[in-house]
Amino acid sequence: MNQKDKRIAFQIYLYLGALFITSLVVSNLIFQKFFYWNPLGDIKVFGASIFEISVGILPYPITFLITDLISEIFGKRKANQVVVAGIFASFFSLAIVYTASAVPATEWSPVTNSMFSEVFGNTIVAVFASMMAYLLAQFVDIQLYHFWKKVTKGKHLWLRNNFSTFSSQFIDTFTVVLLLCAFGEIPWELFYGLVISGFIFKIFIAFLDTPLLYLFVYLLRKRFNLKLGEEIVLD
């Protein structure tokens, strides 16, 4: 690969990393709003609706699509680097929120201290719970993705994309809801409903993003003349 192509490949990697980090940080900041989606009617498990989920889940599946794409084109090490960068960005955003919360609002401020605390007051717990779940889930996702890539010898992209995502998304959903319930942020009676609902929603999104992964992988392989299973080495 010539130097021009390497520069373009690095820019693509950089933008993918930016999208990944933005999706991750935003999901942690907006998690306190919950919404109800009703694809199959009101189904309850242990008294809790399985279709009540946090809006923080909306940008989260994008992170798994991006790590799968980076894993496929740029390799395992680059995918792990993005994951670590995402963790750093999340904790840095937490520090900013904590500082903003500590600064007293003026009398004429449209957002009062109590309003700000109500919206962002639980961010520390949320970020901690999300990061623990995210760290475990993303590394599992990357490990499983490359395991299936090796087993299939670079073929059957849909298999490694979905099999790795299903396992990691369940780990993520179960862990984050467990920690939020343990810290008292969410009532325990909602535990099963939120876990099942979150997992179903993520599986649904995983099926939808498979064609997008195929499209992006096809375009990048064509642009950089990559063979099946071949990866771009940036350094």
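Student: Which ring does the charged end of arginine 223 sit over?
Tutor: In this predicted model, the charged end of arginine 223 is placed over the ring of phenylalanine 224, 5.0 Å from the ring centre.

Student: What does arginine 223 form a salt bridge with?
Tutor: Its partner is aspartate 5, and the closest N and O atoms are 3.1 Å apart.

Student: How many salt bridges in the whole structure?
Tutor: The search of the whole structure finds 2. Besides the one between arginine 223 and aspartate 5, arginine 221 forms a salt bridge with glutamate 72, where the closest N and O atoms are 2.5 Å apart. That pair also links distant parts of the chain, with arginine 221 in helix α7 and glutamate 72 in helix α2, 149 residues apart.

Student: Arginine 221 and glutamate 72, buried or exposed?
Tutor: Arginine 221 is buried, and glutamate 72 is buried too.

Student: Why does aspartate 68 count as buried?
Tutor: Because its relative accessibility is 0%, and buried means under 20%.

Student: Switching to aromatics. How many pairs are there?
Tutor: A search of the whole structure finds 7 aromatic pairs. One of them joins phenylalanine 170 and phenylalanine 174, with ring centres 6.0 Å apart and planes at 25°.

Student: Why is that one called stacked?
Tutor: The planes of phenylalanine 170 and phenylalanine 174 are at 25°, and planes under 30 degrees apart count as stacked.

Student: How are those two placed along the helix?
Tutor: Phenylalanine 170 and phenylalanine 174 are 4 residues apart in helix α6 (residues 157–182), so about one helical turn separates them. Phenylalanine 170 counts as partly exposed because its relative accessibility is 39%. Phenylalanine 174, with a relative accessible area of 33%, is partly exposed as well.

Student: What is the geometry between phenylalanine 174 and phenylalanine 191?
Tutor: That aromatic pair is edge-to-face, at 5.6 Å centre to centre with 80° between the planes. Phenylalanine 174 is in helix α6 and phenylalanine 191 in helix α7, so the pair ties together parts that are 17 residues apart in sequence.

Student: Phenylalanine 191, buried or exposed?
Tutor: Phenylalanine 191 counts as buried, because its relative accessibility is 8%.

Student: Which residues form the aromatic cluster?
Tutor: Phe170, Phe174, Trp188, Phe191, Tyr192 and Phe199 form one cluster.

Student: Back to the surface. Which residues form the nonpolar patch?
Tutor: The patch consists of Leu212, Leu215, Phe216, Tyr218 and Leu219, and together they have about 460 Å² of accessible area. Leucine 215, for example, lies in helix α7, residues 191–224. Its relative accessible area is 41%, so leucine 215 is partly exposed.

Student: Why is asparagine 225 classed as exposed?
Tutor: Because asparagine 225 has a relative accessible area of 66%, and exposed means over 50%.

Student: Last one: where is phenylalanine 120, and which residues does it touch?
Tutor: Phenylalanine 120 is in helix α4, residues 113–120. With residues up to four places away in sequence not counted, phenylalanine 120 touches Leu29, Gln32 and Val97. Phenylalanine 120 is partly exposed, with a relative accessible area of 26%.

Student: And how far are the C-alpha atoms of phenylalanine 120 and tyrosine 98?
Tutor: Those C-alpha atoms are separated by 8.6 Å, while the two residues are 22 residues apart along the chain.

Terms used. Residues are numbered from 1 along each chain as its sequence is written. This is a predicted model: local features need pLDDT of at least 70, side-chain atom pairs count only at pLDDT 80 or more; totals for chains, interfaces and linings use all residues. Side-chain values use heavy atoms; hydrogens and water are left out. Patches are made of residues with over 30% relative accessible area and no salt bridge: like charges are joined within 9 Å, nonpolar side chains (Val, Leu, Ile, Met, Phe, Trp, Tyr) within 5 Å. Accessible areas come from the Shrake-Rupley method with a 1.4 Å probe; for residues, only the protein chains shown count as cover. A salt bridge is a side-chain nitrogen of Lys or Arg within 4 Å of a carboxyl oxygen of Asp or Glu. Buried means under 20% relative accessible area, exposed over 50%, partly exposed in between (1.4 Å probe, protein chains only). Rings of Phe, Tyr and Trp (its six-membered ring) pair if their centres lie within 6.5 Å; planes under 30 degrees apart count as stacked, over 60 as edge-to-face and the rest as tilted. A charge sits over a ring if NZ of Lys or CZ of Arg is within 6 Å of the ring centre and within 35 degrees of the ring normal. Contact means heavy atoms within 4.5 Å.
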